[in-house]
Amino acid sequence: MTIRVLIADDQQLVRTGFQMILDAQPDMEVVAAVADGAEAVAEARRLRPDVCLLDIRMPKLDGLEVTRVLAGPGVENPMRVVIVTTFDLDEYVYGALRSGATGFLLKDSGPTLLIEAVRAAAGGDALVSPSVTVRLLQHLTQPKRVAEPPNGPLTDRELDVVRLVARGRTNQEVAAELFVSLSTVKTHLGSIQAKLGVRNRVGIAAWAWESGVVS
């Protein structure tokens with residue numbers, strides 16, 4: 001199955017570079033490459049790509065607003081959004097994650113991470129790596145007292161899973177560290193997402209850092 005990707009970035013060099021990298025993959029196709037947020041929303045709604053790769057700062061609508069429109073709370077059939085940032089202390093990244101983005105990467109991360117981020121999003125997962133996601137979450141959040149999940153308390157084992165996810169562990173690594181099966185980890189993740197009211201593991205990690213479950 002081919003992963004259909006929309007790229008939105010106001011720098012033509014970035015759009016062209018990303019498109020060359022992704023189109024070279026046998027399982028990916030860039031269906032649109034646009035220069036502003038308004039066009040990103042219009043083309044995303046028209047084409048319904050599998051993944052939208054969005055810059056943070058764009059004319060007309062920034063990446064945060066585009067994310068809210070395409071993947072935010074209350075959006076019917078939300079799309080999968082990956083945010084791109086230069087990581088120059090960009091305060092919008094955390095807001096984008098809370099608005100429904102499934103992950104993000106740095107513009108200078110290189111082709112491998114770009115491809116991994118797109119594949120993860122297309123598969124319904126999120127790119128959560130210690131070198132990128134956890135670093136940004138640590139920088140952009142101020143830990144507070146542990147907040148009670150809105151849809152019921154987490155069990156001790158679910159809290160164990162939350163802490164490992166927040167530190168960038170994959171499902172396989174969580175299973176190995178907790179001595180449980182991969183299917184058990186996936187079951188825990190489903191329960192945790194329901195209790196926290198989030199859509200993916202990025203939302204779990206964001207809640208963990210924000211509420212002080214990890215520090």
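The model is a predicted one, in which local features need pLDDT of at least 70 and side-chain atom pairs count only at pLDDT 80 or more, while totals for chains, interfaces and linings use all residues. Residues are numbered from 1 along each chain as its sequence is written, and side-chain values use heavy atoms, with hydrogens and water left out.

**Overall make-up**

The protein has ten helices and five strands, these being DSSP runs numbered from the N terminus (H or I of at least four residues for helices, E of at least two for strands). Of its 215 residues, 51% count as buried, where buried means under 20% relative accessible area, exposed means over 50%, and partly exposed lies in between (1.4 Å probe, protein chains only). The accessible surface comes to about 10,000 Å², of which 51% belongs to carbon and sulfur atoms; the areas come from the Shrake-Rupley method with a 1.4 Å probe, and for residues only the protein chains shown count as cover. Among contacts (heavy atoms within 4.5 Å) with a separation of 6 or more, 68% are made by residues 24 or more positions apart.

The chain passes from β1 through helix α1 (residues 12-23) to β2 in a right-handed β-α-β crossover, meaning that, with the strands pointing away from the viewer, the path from the first strand over the helix to the second runs clockwise. β1 and β2 run parallel and are joined by six bridges, and Arg4 stands opposite Glu29 in β2. β1 also pairs with β3 in the parallel sense, over four bridges, with Val51 of β3 as the bridge partner of Val5; strands pair if DSSP finds at least two bridges between them.

Helix α2 (residues 37-47) has among its buried residues Val41, Ala44 and Leu47, and the buried residues of α2 pack against β1 (3-8), β2 (28-34), β3 (51-55) and α3 (63-71). At the start of α2, a side-chain oxygen of Asp36 comes to within 3.0 Å of the backbone nitrogen of Ala38, whereas just after the helix Arg48 takes a positive phi of about 50 degrees.

**Salt bridges**

A search of the whole structure finds ten salt bridges, each defined as a side-chain nitrogen of Lys or Arg within 4 Å of a carboxyl oxygen of Asp or Glu. Three of them are tabulated here.

| Pair | N to O distance |
|---|---|
| Asp27 and Arg119 | 2.8 Å |
| Lys195 and Glu158 | 2.9 Å |
| Asp160 and Arg163 | 3.6 Å |

Lys195 lies in helix α9 and Glu158 in helix α7 (residues 156-166), so this pair ties together parts that are 37 residues apart in sequence. Lys195 and Glu158 are both buried, Lys195 having a relative accessible area of 16%. The backbone oxygen of Pro153 lies 2.9 Å from a polar atom of the Lys195 side chain, and, leaving aside neighbours within four places in sequence, the contacts of Lys195 include Pro149, Asn151 and Thr155.

Asp160 and Arg163 both lie in helix α7, three residues apart, about one turn of the helix. Asp160 is partly exposed at 27% relative accessible area, and Arg163 is partly exposed at 32%. Asp9, Asp55 and Lys107 are linked in a network of salt bridges.

Terms used. A polar contact is a pair of N or O atoms within 3.5 Å; within protein, one must be able to donate a hydrogen and the other to accept it, and residues adjacent in sequence count only if both atoms are side-chain atoms.
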